[in-house]
Amino acid sequence: MSELKSLTLDALHRELGGKMVPFAGYEMPVQYPAGVMKEHLHTRSQAGLFDVSHMGQVILRGSSYEEAALALEALIPVNVAGLKENRQRYGFFTNDQGGILDDLMFANRGDHIFVVVNAACKDQDIALMQNGLPEGVAVEVIEDRALLALQGPAAEAALAALNPAVADMKFMDVGIYDLNGAECWISRSGYTGEDGYEISVPNDAAEAFARKLLEDERVLPIGLGARDSLRLEGGMCLYGHDIDETTSPVEAALTWGIQKIRRTGGAREGGFPGAERILAELETGAPRARVGLKPQTRAPMREGVELYATDNGGAPIGKVTSGGFGPSVEGPVAMGYVATENSETGTVLYGDVRGKRMAVEVVALPFVAAQFKR
């Protein structure tokens, strides 16, 4: 096993009582003394500060934004060229089989594209861009900046105390702002379903910036545990669990991320890896679907639980990919894949938990409605 990397704010996490665990090649705080439940609920009611510096930050530069955008469109089934300046969009790299190699966020920063990719996939993603983009598009890996997320209904007020202009940003806006004396690259986005910001800050300014935010009584440090329960309640996919290289965007219910211009009949139809499968599934449907699952008992159904159409006999018709306790809904929540004919909301299925089949209902996602500022 290769040696774990340390976050820029490693010493601060330890000072704050963070319990450090291995995650995606880094030592990361899974929780702080408040505990996962309190951290989760505090983020829903106030504001939580997450260190997501393990994610990959990359800049793509061509002779113009359009050149870089059209080049990136050869790797992802998303409308990159049509994204307005100072706006961000969700996307995903696909393979030749139509599976998802990773999901990502990208922003139009005027003369270049700013990309954020998942930590566990970032080396693969960077290589994919370096090898898959034409020579005229440079791939610049950013290694001198931390990435922090401030999430929750008090996030705007807490960040606006450092620069009032951030309050004017809407969901998926991006911009460059001075915060606590540092040039920060900000997007109004996140991975909790709550309003909030993701902030790229120079490494040498990261600790002072984090401490400044934590001086605000509305802001608590939040670890990976609550990050996972928040995103699960928000119905958001975790790469390597809910989506992977065998999962198509259609199966994953991510079709909203494929704009009309890239679909059959669109001006820039196809031209991305796996287009044949993905465009066909957009037209005629996929054999399985990602759904929300609400166990009918108090016991959570964890990842890997097989799902059946009946309470005894028969072959599995699906599997749980993420599951746990939802603090905001005060009960167990899960997501998984089921055969399309079993995916209608209200369908009762049965999960095999330690040899006993327990009822679970197919429900609409998300479990907690998004609070984005649009």
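These are my notebook entries on a few spots I looked up in this predicted model.

**Ground rules.** I number residues from 1 along each chain as its sequence is written, and side-chain values use heavy atoms, with hydrogens and water left out. Because the model is predicted, local features need pLDDT of at least 70 and side-chain atom pairs count only at pLDDT 80 or more, while totals for chains, interfaces and linings use all residues. Helices (H or I, at least four residues) and strands (E, at least two) are DSSP runs, numbered from the N terminus.

**Entry: Asp242.** I found Asp242 in the loop between helix H7 (224-233) and helix H8 (275-284). Is Asp242 buried or exposed? Asp242 is buried, because its relative accessible area is 0%; buried means under 20%, exposed over 50%, and partly exposed in between (1.4 Å probe, protein chains only). Its side chain makes a polar contact of 2.6 Å with the side chain of Thr321, and another of 2.9 Å with the side chain of Ser322. A polar contact is a pair of N or O atoms within 3.5 Å; within protein, one must be able to donate a hydrogen and the other to accept it, and residues adjacent in sequence count only if both atoms are side-chain atoms. Leaving aside neighbours within four places in sequence, Asp242 has contacts (heavy atoms within 4.5 Å) that include Arg231, Met335 and Tyr337.

**Entry: Asp178.** Next I looked at Asp178, in strand S11 (residues 174-179). Asp178 counts as partly exposed because its relative accessibility is 44%. With neighbours within four places in sequence set aside, Asp178 is in contact with Leu162 and Asn163. A polar atom of the Asp178 side chain lies 3.3 Å from the backbone nitrogen of Gly181.

**Entry: helix H3.** Which residues of helix H3 (residues 65-72) are buried? I noted Tyr65, Ala68, Ala69, Ala71 and Leu72. Seen down the axis of H3, these fall within an arc of 165°, so they line one face of the helix; the arc is that of the directions from the helix axis to the C-beta atoms. Their cover includes S5, strand S6 (88-94), S7 and S8.

Entry: I used a 1 Å grid over the protein atoms alone: a cavity is a set of points where a 1.4 Å probe fits but cannot get out, and a pocket is an open set with protein on both sides within 12 Å along at least five of seven lines; lining residues have an atom within 4 Å of a point. Grid points are joined across faces, edges and corners, and a volume is the space filled by probe spheres set on the points.

The second largest pocket holds about 310 Å³. Of its 19 lining residues, Tyr26, Ser53, Lys122, Ile142 and Glu143 lie nearest the centre. H4 gives the largest share of that lining, 3 residues.

The count of cavities of 30 Å³ or more is 3. The largest cavity holds about 120 Å³, and among its 16 lining residues Gln88, Phe114, Trp185, Ile186 and Ser187 lie nearest the centre.

Entry: Most residues other than glycine have a negative phi, and most peptide bonds are trans. Ala24, in the loop between strand S2 (19-23) and strand S3 (26-31), has phi near 55°. Arg354 has phi near 50° and counts as exposed because its relative accessibility is 81%. Finally, I noted a cis peptide bond joining Leu365 and Pro366, with omega about 0°.
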